Amino acid sequence: MSEARSNRRTAAQLLVAELAAQGVDRVFCVPGESYLTVLDALYDERRIEVVTCRHESGAGFMAIADAKLTGRPGVALVSRGPGATNAAIAVHTAQQDAAPLVLLIGQIDRRDRGRRAFQEVDYAAAFGSMAKYVAEIHDPDLIAETVAQAFRRATTGAPGPAVIVLPEDMLAEETAATVLGPQPRPVAAASLAALDEAAELLGAAEAPLLIAGPRFAPMEARAVLRAAAESWGVPVAVSFRQQDLFDNEHPLYAGHLGYLLPKRRVASYQESDLVLAVGTRLGDATTQNYRFPSAPRPKQRLIHVYDDPEVLGAVFETDLPIAAEPVAFLVALAERGPGASRRHTAWAERLHRQHYADLVIKEPLSAPDGVVFGAVVQALAARLGSDAVLTHDAGLNNSWLGRCFPFRSSQRLLAAVSGAMGIGVPAGVAAALRLKRRVVTLVGDGGFLMTGNELATAIEHRLPLTIILANNGSYGSIRLNQEIDFPGRVIATDLVNPNFKALAEAFGAKAFRIERPEQIGATLDAALAADGPSVVEVMTSLERISASTTLERGPTRLNRTTL
Ligand SMILES: Cc1ncc(C[n+]2csc(CCOP(=O)(O)OP(=O)(O)O)c2C)c(N)n1
């Protein structure tokens, strides 16, 4: 049916036409009887690919990863009640990660609302504190308008989740309403006075530090970040799980504000006299549990640039809060920089040297109880090219990326700022689907059994995805915290695992197992060259639980931390 002729069509058909008009080319779903009409409308819509997933958390995580890669909202479709509550983890992650997500949920018939009908949920109440927008559509004439509104809200200012609820009987009704398509987005820009003041503060600072957040993920934005850093000679630390934003070997790279940072590094950051935080919320993990900068009154001057005014000044007293689009702000700030001046070089050099010193691994990467996962990550770094794409799950296995994988800004890392377990494999699936080239996922044995079922989705699409599974027989991160708080009282963290190699083979993947360090190189070569999905089970040392400590020494060296 032509969109120009505003013929009558069902609300479900208008919904799908509006999604296509909004630029959606792929949706991730687990089907449900509550939105069969939408699926049927998608049957005729050639512009949109439907990816069938095995769990709604997988569908939601895939939509988030896709959004991070395209910069457009990722779309997931799930059924009412159980489907929607399974997808809740994605709504939370999209909020914490500031990722644009549009979640479409089927709903019971309108007349049954409030009866606690089969699979009924009040989504405004369920998702109200996490989503930027929740709308239940009762009038089919409002479909296009509401979808357009959801896309606008998901992408205006700091991105986030929007939820659209679709009563089944409404979807089947006819409407003569027309498609709207994307609307121009308002962009918040810094005033000239704010830019001048930021430039003045930066120019006067002796030891400034720029903290760059996930809003610099697009490749063009990374170039802006680098140009601004070079123009001002200001060192750059990246926020939690954003190690790929800035070349780790660049002399202005000052490190990753992740967990388990050596105390002396945090002490050095504290010596800065100005923090310029751009495109980051300055969340819990990045700020070392609100210790750098310290809340509520940072030791240094703070300029915070973010396009959600609610964030600015909410936790930290901020000398110069600027509600503006972060990338455009840095473009303008770069133009005001002194250029070739190398005023901050000594300070930048010190931070860079310290970051480098922390990379040095003193003990050999071997252990009596299994393969040290760092040795695998090291071998991976040597093999992956400048366009490598990695995803990782929660868990300490990915701590080795910080020690053994010097990221280049041409590479991509997809992970959850929210710390959600289970994102690793679905993000790998979504990235391989979108980019059509080899993607590598790091995941623990705990994380793999949460959403590793999406390996079936990878098999269905014959995706170039290599999953490297660190099997240490433990919810390792929690075990470490347990040893710190309750030494020797291990409960609920040991895992009895399946034979992951055999499991992966049963899915139809090429599967490998690494039991000894000398097998690492050849096994990775074979897995990375596989035609389609491959899984490498690494029988991983539990004792060498993370890149910064061992299970035995952890309790004496670390404070408990959220992982
Ligand atoms: C959905 C979810 N459930 C629970 C947690 C708490 N949690 C964080 S890390 C972790 C254990 C991860 O274990 P594993 O995936 O095996 O990785 P490892 O730490 O052993 O490398 C748990 C349970 C979480 N972050 N997310």
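**Close-up 1. One cavity of 30 Å³ or more is found in this predicted model.** Start your tour inside the protein: the structure holds one cavity that reaches the 30 Å³ cut-off. The volume of the largest cavity comes to about 80 Å³.

**Close-up 2. Thirteen residues line the largest cavity.** Of these 13 residues, G23, V24, D25, R72 and P73 are the ones that lie nearest the centre of the largest cavity. Sorted by class, the lining of the largest cavity contains five charged, four polar and four nonpolar residues.

**Close-up 3. Six strands form an open sheet with parallel pairing.** Reading across the sheet, you will meet the strands in the order β3-β2-β4-β5-β7-β6. At the edges stand β3 (49-52) and β6 (133-136), each with a single partner strand, so one side of each has no neighbour in the sheet. From one strand to the next, the twist averages 20°. As a handy reminder, strands of a sheet pair through backbone hydrogen bonds, in either a parallel or an antiparallel way.

**Close-up 4. Strand β2 runs parallel to β3.** Here we zoom in on one pair from the sheet. Strand β2 (residues 26-29) is joined to β3 by four bridges. To find your bearings, pick out F28, whose bridge partner in β3 is V51. Strand β3 is also one of the edge strands, with a single partner strand.

Conventions:
Residues are numbered from 1 along each chain as its sequence is written. This is a predicted model: local features need pLDDT of at least 70, side-chain atom pairs count only at pLDDT 80 or more; totals for chains, interfaces and linings use all residues. Side-chain values use heavy atoms; hydrogens and water are left out. On a 1 Å grid over the protein atoms alone, a cavity is a set of points where a 1.4 Å probe fits but cannot get out, and a pocket is an open set with protein on both sides within 12 Å along at least five of seven lines; lining residues have an atom within 4 Å of a point. Grid points are joined across faces, edges and corners, and a volume is the space filled by probe spheres set on the points. Ala, Val, Leu, Ile, Met, Phe, Trp, Tyr, Cys and Pro count as nonpolar, Asp, Glu, Lys and Arg as charged, and the others, Gly among them, as polar. Two strands pair if DSSP finds at least two bridges between them. Helices (H or I, at least four residues) and strands (E, at least two) are DSSP runs, numbered from the N terminus. Axes are lines fitted to C-alpha atoms, for helices over the stretch in contact, and angles run from 0 to 180 degrees between N-to-C directions.
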